[in-house]
Amino acid sequence: MNTLLLDKHLAQTTPFPVGLEVSHAAGSYIYTKDGKKYLDMISGLSVSNLGHGNQAVKDAIHAQLEKYSHVMVYGEFGQDSVSDLAATLTGLLPNSLDTCYFVNSGTEAIEAAIKLARRSTGRSELIAFNGAYHGGSTGSLAISYNEEKKYAVRPLMPDVKFIELNKLESLEYITEKTAGVFLETIQGDAGIRIPDVAFLRALRKKCTETGTLLILDEIQAGMGRTGKFSAFEHYDVVPDILCLGKALGAGLPIGAMISGRALMEKFTHDPMLGHITTFGGNPVICAAANAGLKELLKDGIIASVETKGDYISSSLSAHPVVKEIRQKGLFIAIELESAEKVQQAFDYCLANGVITFWFLSCKNAFRIAPPLNITDEDLKHGVSVLKDALDSLA
Ligand SMILES: Cc1ncc(COP(=O)(O)O)c(C=O)c1O
């Protein structure tokens with residue numbers, strides 16, 4: 001494993017792909033061609049919140065495919081599955097977030113939000129946070145923090161400042177020149193960094209005072225992962241723009257930029273077509289997403305997230321090799337002494353049928369983010385392998 005090149009005709013992004021050869025996936029397990037099964041404790045990086053192969057999602061995909069799969073670029077024709085998704089999604093959000101623009105990915109939702117923030121305020125300055133990850137395009141990279149991912153492609157979009165999370169003094173950088181502040185409501189790639197309630201409320205206040213848009217990126221933290229449908233519900237703060245992606249598509253690619261109608265209407269003139277996408281709002285994907293949201297709301301799945309997350313952290317936090325566990329619901333970072341220890345824990349878990357993963361911007365921690373509907377039995381099994389992995393490092 002680990003050094004295998006997957007396919008001579010496919011681009012590689014790293015010389016060390018994990019290299020599992022997947023046969024199929026069901027529930028919380030991924031099955032490989034060599035007959036092994038792996039407990040998915042990362043959900044394909046916070047995507048498979050319902051696990052794999054949800055029947056209602058598959059049925060919705062088939063039903064939409066029978067009708068049609070693509071008829072027009074975004075925004076020109078009325079399409080029921082797209083409208084239905086917007087109705088379900090906005091029904092789960094505060095009233096002020098009533099208008100959805102569906103795109104192809106989380107990255108594209110961020111790109112669209114950058115454009116909306118700049119054109120609607122007439123300002124160019126953007127502020128983001130140390131540790132931020134907002135995507136892989138040049139715009140979203142410019143507001144992401146990790147220099148390791150940026151230096152080789154500079155110059156990036158100008159007029160971006162970074163400030164520190166949970167430092168009230170850093171809010172002074174937000175002024176009447178600032179178009180928008182981008183923040184992951186819970187920072188993911190930084191190793192699960194959680195804003196203080198007082199800080200997020202002060203940030204909201206400062207944005208309102210300066211006419212700056214607050215853009216919350218819940219591409220990872222949304223859709224129930226933290227124990228509420230939206231992570232900002234933990235803070236009693238509402239953003240001007242919300243960006244979603246990942247788990248929203250129930251396993252298919254989608255992003256969403258959501259705001260109030262008056263703000264979103266700035267895309268329709270001066271100039272019109274402020275954001276253009278061919279496949280954004282694809283009807284098959286919207287059907288899957290809508291079915292996925294309805295499934296997520298069933299059976300107390302989101303209500304179970306906090307208890308499941310607490311079970312993981314309370315089972316592991318006292319372990320002598322654990323330096324710290326940062327956790328909100330099933331969004332968890334387990335910090336060890338070093339990157340080497342993280343690699344050993346990862347290797348042990350994989351060899352014993354449990355998938356964990358690294359963070360790009362926090363090398364001495366690994367991530368745990370299982371499907372939100374993981375059964376108690378699977379969760380117990382996952383935690384027991386994690387414990388063994390930590391024991392093996394002691
Ligand atoms: C917080 C956050 N924002 C944006 C993105 C970009 O999403 P995508 O890679 O799906 O375009 C990611 C992806 O990991 C993310 O975690």
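# Questions at the structure

Visitor: What pLDDT does the protein average?
Guide: pLDDT is the predictor's confidence in each residue, from 0 to 100. Where pLDDT is low, the predicted coordinates should not be read in detail. Here 98% of the residues score at least 70, and the protein's average is 96.

Visitor: Where does Met-223 lie?
Guide: Met-223 has phi near 55°, a positive value in a residue other than glycine, whereas most residues other than glycine have a negative phi. Met-223 counts as buried because it has 30 C-beta neighbours inside 10 Å. Helices (H or I, at least four residues) and strands (E, at least two) are DSSP runs, numbered from the N terminus. In that numbering, Met-223 sits in the loop between β8 and β9 (241-244).

Visitor: Which residues does a cis peptide bond with omega of about 5° join?
Guide: Most peptide bonds are trans. The cis bond with omega of about 5° joins Arg-154 and Pro-155.

Visitor: How far apart are the end C-alpha atoms of helix α11?
Guide: The expected span of a helix is 1.5 Å times one less than its number of residues. Helix α11 (residues 376-393) has 18 residues, so it should span 26 Å. The model agrees, since the end C-alpha atoms are separated by 26 Å.

Visitor: Which elements do the buried residues of α11 pack against?
Guide: In α11, the buried residues are Leu-379, Gly-382, Val-383, Leu-386, Ala-389 and Leu-390. They cover an arc of only 115° around the axis (an arc of the directions from the helix axis to the C-beta atoms), which puts them on the same side of α11. On the other side, Glu-377, Lys-380 and Asp-391 are exposed. The buried residues pack against β3 (37-40), α9 (301-316), α10 (339-351) and β13 (354-355).

Visitor: Which residues does Thr-356 touch?
Guide: Thr-356 is in the loop between β13 and β14 (357-358), and it counts as buried because it has 25 C-beta neighbours inside 10 Å. Two residues are in contact if their C-beta atoms, placed from the backbone, lie within 7 Å. Not counting residues up to four places away in sequence, Thr-356 touches Met-41, Ile-42, Phe-346, Cys-349, Phe-366, Arg-367 and Ile-368.

Visitor: Which residues come nearest the ligand?
Guide: A residue is near a molecule or strand if its C-beta atom, placed from the backbone, lies within 6 Å of it. Helix α4 (residues 106-121) gives the largest share of the shell around the ligand, three residues. Of the 17 residues around the ligand, those that come nearest are Ser-105, Gly-106, Thr-107, Gly-135 and Ile-219.

Technical notes
Residues are numbered from 1 along each chain as its sequence is written. This is a predicted model: local features need pLDDT of at least 70, side-chain atom pairs count only at pLDDT 80 or more; totals for chains, interfaces and linings use all residues. A residue is buried if 20 or more other C-beta atoms lie within 10 Å of its own, exposed if 12 or fewer, and partly exposed in between; C-beta atoms are placed from the backbone.
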